[in-house]
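Please examine the sequence and the structure shown here. The briefing below treats its interface and its metal sites in turn.

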Amino acid sequence: MTHSPTIGDDLEDLIACPTCDALYRVDAPGNGERAVCSRCHHVLIAPVEGAILRVVALALTIVILLVTALFMPFLSIEASGLHNATSIFEAGLAFSRAHMVILSLAVISLIIFIPILRALLLIYVLTPLMLRRRPWPGAHTAFRLSEHLRPWSMAEIFVLGVGVALVKITAMAHVELGMAFWLFALLVVVTVFQDGYLCRWSIWHALEESPEPGAPPSLAPAEEAPAHG
Amino acid sequence: MAEAHPTHLLTARDAGMVACTDCTRVWPLETERCPRCGAKLVSRDGHSLSRVWAWWVVGLICYIPANLYPMLNTTFMGKTSGDTIVGGAVTLAMHGAIAVALVILIASVAIPMGKFVAVAYLALSVQRGWHTSKLRRTQLYEMVEFIGRWSMIDVFVVAVLSALVQLSVVVSIQPGPAALNFALSVVFTMLSARSFDSRLIWDSIERDGEEEDLT
Ligand SMILES: [Zn+2]
Ligand SMILES: [Zn+2]
């Protein structure tokens with residue numbers, strides 16, 4: 001896995017734990033294995049077989065689920081002959097009625113825009129890698145941004161919030177769950193899998209190793225070989 | 001998982017290098033931007049702790065009114081009543097929804113409070129050079145980063161309730177002023193935790209025995 005560095009290592013063979021700064025010589029683990037920092041236990045490398053293809057597929061699924069959910073009925077209630085329905089977008093806008101427009105914008109960003117943006121950035125970064133092409137311009141910045149957006153993508157927290165809200169209402173009214181609700185529930189599962197396949201180090205490594213302009217494409221697969229040590 | 005000899009480990013800084021926390025590559029100490037990913041490189045973020053405390057304080061300032069004012073106002077047959085975070089959880093528990101009341105109390109009270117204490121403890125432990133387990137502190141930090149965002153749940157509950165429960169004169173729910181304070185408090189504490197440079201925890205190995213003030 002990872003070993004203490006020795007004099008004469010090239011910089012590109014070294015890796016520093018982002019959590020505790022411990023320095024290691026990279027000896028990339030095989031798919032399904034993990035390289036863990038020996039002093040702070042931070043997971044440094046955790047490659048998954050076919051990860052890039054899977055992450056692209058799941059990110060695409062996330063975009064489709066989210067965009068579809070926006071146009072589907074979300075929740076509706078009925079009590080004493082009165083009826084009301086809300087879409088996901090309207091749920092985000094709820095705060096603007098109470099003069100909290102900023103909070104509405106924040107909620108819509110956290111549950112819709114940021115998850116979509118993050119998925120699109122991942123697709124942008126990983127599609128050329130999947131096709132064994134040169135990364136598209138700005139791919140490095142895009143990947144860094146998508147990783148920084150990760151904690152702010154809160155669709156899964158929203159789903160739990162919806163669950164709590166439903167328990168609160170069921171006592172006073174009959175609630176109908178719309179298609180958008182189920183799409184969001186599915187989104188949680190897809191996001192968990194996507195983030196499980198996503199090994200940050202492997203993607204940086206792939207972005208670095210991807211063929212230079214003009215290099216014959218047939219050379220590309222051979223570059224994977226030294227990764228297993 | 002490789003179990004080397006923790007005390008003999010070399011850090012990037014010991015080796016005269018600076019590590020990129022975005023992509024884990026190392027570069028000569030004077031490098032300013034990571035040539036691989038473009039992130040700004042700092043061996044140790046000297047302003048980390050002052051940013052941690054600044055966000056921590058504004059987060060706390062927002063958290064106090066978030067608990068005093070109602071998160072949502074319910075108008076039932078023309079009569080309006082407000083529910084604070086704790087009040088809302090108590091009402092839920094009295095209606096028998098104990099599990100959901102617990103979710104709210106954990107997400108909106110236990111996690112934010114625990115986060116204030118944990119971040120303050122981590123920052124103080126580095127500033128004062130406390131000798132508590134570095135591994136435990138790192139794990140505490142990773143837990144704070146992982147769990148902290150879940151506090152946002154109550155804001156989403158209020159959003160869904162006030163969008164959905166709009167049954168003309170019979171019953172309607174409006175967001176209360178605490179919702180904005182609470183959301184801000186969650187955002188600020190997340191920023192506070194993210195400002196913390198966890199490498200500082202491990203540096204105290206080298207500084208053992210020295211009286212040094214990091215601020
Ligand atoms: Zn480490
Ligand atoms: Zn970098």
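The points that follow are grouped by topic, after a note on conventions.

This is a predicted model, in which local features need pLDDT of at least 70, side-chain atom pairs count only at pLDDT 80 or more, and totals for chains, interfaces and linings use all residues. Residues are numbered from 1 along each chain as its sequence is written, chains are lettered from A and ligands numbered from 1 in the order in which they are written, and side-chain values use heavy atoms, with hydrogens and water left out.

**Interface of chain A and chain B**

- Contact (heavy atoms within 4.5 Å) links 67 residues of chain A with 70 residues of chain B.
- The two chains bury about 6,400 Å² between them, 70% of it on carbon and sulfur atoms; buried area is the accessible area (1.4 Å probe) lost when two parts are put together, summed over both.
- Four salt bridges cross the interface, a salt bridge being a side-chain nitrogen of Lys or Arg within 4 Å of a carboxyl oxygen of Asp or Glu.
- Glu156(A) forms a salt bridge with Arg149(B), with the closest N and O atoms 3.0 Å apart.
- Helix 5 (residues 155-170) of chain A gives the most to the side of chain A that touches chain B, contributing 11 residues; helices are DSSP runs (H or I, at least four residues), as are strands (E, at least two), numbered from the N terminus.

**Zinc ion (ligand 1)**

- Cys17(A), Cys20(A), Cys37(A) and Cys40(A) coordinate this ion through SG at 2.2 to 2.3 Å; donors are N, O and S atoms within 2.8 Å of the metal (3.2 Å for Na, K and Ca).
- Angles of 100 to 118° among the four donor atoms make the site tetrahedral, a term that requires all angles between 85 and 135 degrees.
- The donor residues are spaced C-x2-C-x16-C-x2-C.

**Zinc ion (ligand 2)**

- The protein donors are the SG atoms of Cys20(B), Cys23(B), Cys34(B) and Cys37(B), lying 2.2 to 2.3 Å from the ion.
- The four donor atoms subtend angles of 101 to 117°, so the arrangement is tetrahedral.
- Along the chain, the donors follow the spacing C-x2-C-x10-C-x2-C.

Terms used. Four donors count as tetrahedral if all angles lie between 85 and 135 degrees; four count as square planar and six as octahedral if opposite donors are over 155 degrees apart and all others between 65 and 115; anything else is irregular.
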